[in-house]
Amino acid sequence: MAVDQPTHTAGMPAVDQTRIHDIGYRGYDGPRLGRAYARRSLYSQSLRGAYGLGRSAKSKVLPMLLFAVMCVPAAIMVAVAVATKAHELPVSYTRYAIVMQAVISLYVASQAPQSVSRDLRFKTVPLYFSRPIETADYVQAKFAALASALFILTGAPLLVMYAGALLSKMGFAHQTKEFAQGLVSVALLSLLFAGIGLVIAAVTPRRGFGIAAVIAVMTISSGAVTTLQAIANVQNNTGDIPWIGLFSPVTLIDGVQSAFLGATTRAPGGVGPSTAQGLVYVLVVLGLIAACYGLLTRRYKKVGL
């Protein structure tokens, strides 16, 4: 509604010049799609954003480059296996993500802050919670989107390796079993890394600080745990090696897959967790994922107030 204020000059009676103009506003009478639709839309938008889709060309460079870096070594291994008629791939499916952990950590460091830090920095989070979306919907969508993006990043090379193994006429049943084990491994890795990355990014609204913090947590924890395990191996305290592995995301995944997925551990001395210790590893991984989800939910409840 546009309202013209009455004007008058001194000494003259005021004249009411109010006018009401119809400028075409009308209520929305279409379907109300509700929380589920909003959650799916936020998930889709966040997943696309994790690879720069729908964003500027500059935003696509790093995620697409990291995706290529993950896939190219797998393609090279396949080419070598086909050319040499090998009976096994040079690197197992469960081992590949562990070998490429630096690339995966860099991807998490670059995309976790992109997913949540801008909403926090520019204080747009309360707008999401105005209606109909709620805190749990926002956290679920962001968590699932980054985990899905990581699963694509880590699963695509395994698919390339699997296709190459079948082209090389390696054993179908054996390759299928190992491929399935590799997918289970990278699914756990994707959930764990996504949770840790989002929690760190959610407490550092500045994107640059978030990137540095994620890289520091991933690399320092892995380096420290590997160093302590090497010291324990040199001192013949091999029984401590599996327990030390509980304090790094990478060694946690390595322990789970060496205990239950037939993988060879990368721990010094080749000392992996036993089945009982592997159960502890699984509980710690699932507990960390649940804890990350809980921390994110509490964080956004405070922000959304």
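Residues are numbered from 1 along each chain as its sequence is written. Because the model is predicted, local features need pLDDT of at least 70 and side-chain atom pairs count only at pLDDT 80 or more, while totals for chains, interfaces and linings use all residues, and side-chain values use heavy atoms, with hydrogens and water left out.

**Aromatic rings**

The structure holds 6 aromatic pairs. Rings of Phe, Tyr and Trp (its six-membered ring) pair if their centres lie within 6.5 Å; planes under 30 degrees apart count as stacked, over 60 as edge-to-face and the rest as tilted.

Select Y93 and F179 to begin. Their rings form an edge-to-face pair, 5.9 Å centre to centre, with 65 degrees between the planes. This pair links distant parts of the chain, since Y93 belongs to helix α3 (residues 93-99) and F179 to helix α7 (residues 172-202), 86 residues apart. Helices here are DSSP runs (H or I, at least four residues), numbered from the N terminus. Y93 and F179 are buried, meaning under 20% relative accessible area with a 1.4 Å probe, protein chains only.

Select Y138 and Y300 next. The ring centres of Y138 and Y300 are 4.9 Å apart and the planes stand at 50 degrees, so the pair is tilted. Y138 lies in helix α6 (residues 135-167) and Y300 in helix α11 (residues 275-303), 162 residues apart. Both Y138 and Y300 are buried.

Then select Y51, F67 and Y107, which form one aromatic cluster.

**The cavity**

A search of the whole structure finds 1 cavity of 30 Å³ or more. A cavity is a set of points on a 1 Å grid over the protein atoms alone where a 1.4 Å probe fits but cannot get out; lining residues have an atom within 4 Å of a point. Grid points are joined across faces, edges and corners, and a volume is the space filled by probe spheres set on the points.

To display the lining of the largest cavity, select S46, A50, Q111, S115, K142, A145 and L146. Helix α6 gives the most to this lining, with 3 residues.

**Helix α8**

Finally, select helix α8 (residues 207-234). At 1.5 Å a residue its 28 residues should span 40 Å, and its end C-alpha atoms are 41 Å apart, which agrees. The expected span is 1.5 Å times one less than the number of residues. Buried residues of α8 include G210, V214 and M218. After α8 comes N236, whose phi is positive, near 65 degrees.

Notes. Helix = DSSP H or I, 4+ residues; strand = E, 2+ residues; numbered from the N terminus. Buried < 20%, exposed > 50% of the residue type's maximum accessible area, 1.4 Å probe, protein only. 1 Å grid on protein atoms, 1.4 Å probe; cavity = no way out; pocket = protein on both sides within 12 Å on 5 of 7 lines; lining within 4 Å.
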